[in-house]
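This report is written for a reader who is meeting the structure for the first time. Please look over the sequence and the model before reading on.

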Amino acid sequence: MKILLAAVNAKYIHSNLGIYSLKAYGEKMLAQWGYGKENVQIGLAEYTINHQLERILQDIYLRQPDVIGFSCYIWNISYIKALVADLKKVLPQVKIWLGGPEVSYCAEDILREEPGADLVMKGEGEETFAQFLRFLMENETEKPAYGGLEQKPEAAEKNRWTKGLEHIPGLVFRRQKSQSMEGETPDLPRVLLSAAASKALLHDTIDTGVRPVMDMNCIPFPYAFLDMEQLAHRIIYYESSRGCPFSCAYCLSSIDKSVRLRSLELVKEELSFFLKAKVPQVKFVDRTFNCQKSHAMAIWQFIRENDNGVTNFHFEIAADLLDCEELKLLSTMRPGLIQLEIGVQSTNPSTLAAIRRKTDIEKIRAVTQEINSWNNIHQHLDLIAGLPKEDLESFKNSFNEVYSMKPEQLQLGFLKVLSGSYMEEMVPSCGLLYASAPPYEVFSTRWLSYRDILELKEIEEMVEIYYNSRQFTTVLAMLEREFSSSYEMFLALAAFYRKKGYFGMNHSRLARYEILWEMAAEELFLETDSSAAEYRRDRFRDCLMTDLYLRENIKSRPSFARDLNRYRDEIRSFFKGEETTGRYLPDHQGYDSRQLAKMAHLEPMGDGTFLLFDYKNRDPLTYNARAVEIGDICKEHRYKKCQRSKI
């Protein structure tokens, strides 16, 4: 028997921990029950939502599986529904089951809507999947056995594969009704019924209940059987715990409050595997990684002591739970070794209370400020727009407060009303309108209009382009002083984009700088005193050029850049001097002046000084080039030239 576990990821760099874990646990249990690979083969297939449906369909068909399991999330459920419908056309005998958070809390609805799906696994899947495999193995050897004369042979044949499934917790499946049951259907012509209604009359939906949560230590390491070379350019996901101690209304993790930890011995052994393989990033999927201090401290200590200089570890934490001991340990981490994601969501106390979120905003502010001072850890702070009791003014305040904490990433998300979450129950009281299709994103609330949402969408795009890219840090620091708040700054950027028709266009990095210069020329630095305006424009140009060259030694210069031909002799003389003295580039010994000019860049500033960008030495956290301010080399060059002429 051939089982295929399929994942449709949002991006190529993502990987699917769920199907790896199912395979590892399923094969472990099958071996214990005496089944080998000659009895059952469990294959994996990973695609992305950017693949053409036809290509995925072809690939699955050529694999000829007997059973297919799909991992379902808000970003791929529409895609998977389309696949399921077509798979049943080209592989009519294949059994299709669905699992994952997007189907776990609405399994009966899914089966009614999707006739191609045969079964739904809800909640944690490892034990359910293993028992399902055992059932399939045992069912393979059974002959069709009809339950009695009252049942049609074709109905019995279709029910044969489901006989016994009712004893496996965590499943929802259809069972075809017997002839006597069909006789109980309403006396209506079948042609007057919809396809879904007709199917509902012919089938019972069986729900086997909720499976108790499992011991985390029973799950085998899901990456042991994988070729890590195939995941070389992917984010590796890992879990050291399941469940969450908090009850946030918008989150499905709040349903499972029983936090279960994987043993530290196993965690350390498995992290050693990643460190030895030198994977680029390991992203812990633990919902609140530091909910138990001793567990978090032990893992952080292990990572610090076994740092390979390459691997980065990502954790989602509650910053207000960190104490002095934890902060002291974090302060000793290699720059870039770890990054922290901190869910602030809102700074409005009424909103936090409404969503059942316990957050100490002042503690978060103090902690993030201290972490920033070390310059060794990326911090990602999250906000959610559309939460209860938060109107536009309240959200502006939340945005400004979080922005003032200066995270490396400010992730502005929008409320998604997930099936099974407490937020779904709050829909009427909040006057919440949201999209009918995944990802079920908010349209409006009692406090926030759709027009407000559209404004926030534009703010989100500006934040992604100009803040989260980390390519405009110098120029944003200057722009902030031109506006009453950070929110107003991004609002002005959005208004300029809208006025110029720039939204929806795919601009290059260089074009983004040109747009800022265009905005400055048309809407900023317009003082009546022309000399003052020119001075501020000059400073703005310097900021743009600084940001531009911090990342790379670009060959194409923007329209607003100063003409380097004016400084050609001085720049050549500077690198010629560095060839012999190494005063500003001491790590570049053995290179001639032409080579040095390719490995570094000298940019003239408006005040007569120069900025030297050293691309051999980069900040390990931001990856920006080392920047050194140098005096007026033009003046120095002219002095030396004059002295030589006197001799």
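## Overview and confidence

What percentage of the residues of the chain count as buried? The model is a predicted one, and of the 647 residues of its chain, 50% count as buried. The chain has 25 helices and 20 strands, and it exposes about 30600 Å², of which carbon and sulfur atoms supply 51%. Among the contacts in the chain with a separation of 6 or more, 72% are accounted for by residues 24 or more positions apart.

The mean pLDDT of the chain is 89, with 89% of its residues reaching 70 or more. Over residues 142–153, however, the pLDDT is below 50, and this stretch has 14 contacts in the model beyond near neighbours in sequence. The pLDDT also stays under 50 over residues 637–647, for which the model has three contacts beyond four places in sequence. Where pLDDT is low, the predicted coordinates should not be read in detail.

Six strands form an open sheet in the order 8-11-12-13-14-15, and their pairing is parallel. At its edges are strand 8 (236–238) and strand 15 (409–414), each of which pairs on one side only. From one strand to the next, the twist averages 25 degrees.

Within this sheet, strand 11 (residues 281–284) pairs with strand 12 (residues 312–317) in the parallel sense over three bridges, and Val282 has Phe313 in strand 12 as its bridge partner. Helix 10 (residues 264–277) lies across strand 8, strand 11 and strand 12, and it runs at about 175 degrees to strand 8. Helix 18 (residues 450–468) packs on the sheet as well, where it touches strand 14 (378–385) and strand 15, its direction making about 155 degrees with that of strand 15.

In soluble globular proteins, nonpolar side chains tend to be buried together. The largest nonpolar core in this model has 141 residues, of which Tyr223, Trp300, Phe315, Phe399, Tyr466 and Phe490 touch the most other members. The element that gives the most to this core is helix 20 (residues 486–500), with nine residues.

Conventions: Residues numbered from 1 in each chain as written. Predicted model: local features only at pLDDT ≥ 70, side-chain atom pairs only at ≥ 80, totals over all residues. Heavy atoms only, no water. Core = buried A, V, L, I, M, F, W, Y, C linked by side-chain atoms within 4.5 Å. Buried < 20%, exposed > 50% of the residue type's maximum accessible area, 1.4 Å probe, protein only. Helix = DSSP H or I, 4+ residues; strand = E, 2+ residues; numbered from the N terminus. pLDDT = per-residue confidence, 0-100. Contact = heavy atoms within 4.5 Å. Areas by Shrake-Rupley, 256 points an atom, 1.4 Å probe, with all protein chains shown as cover. Pairing = 2+ DSSP bridges. Axes fitted to C-alpha atoms, helices over the stretch in contact; angles between N-to-C directions.
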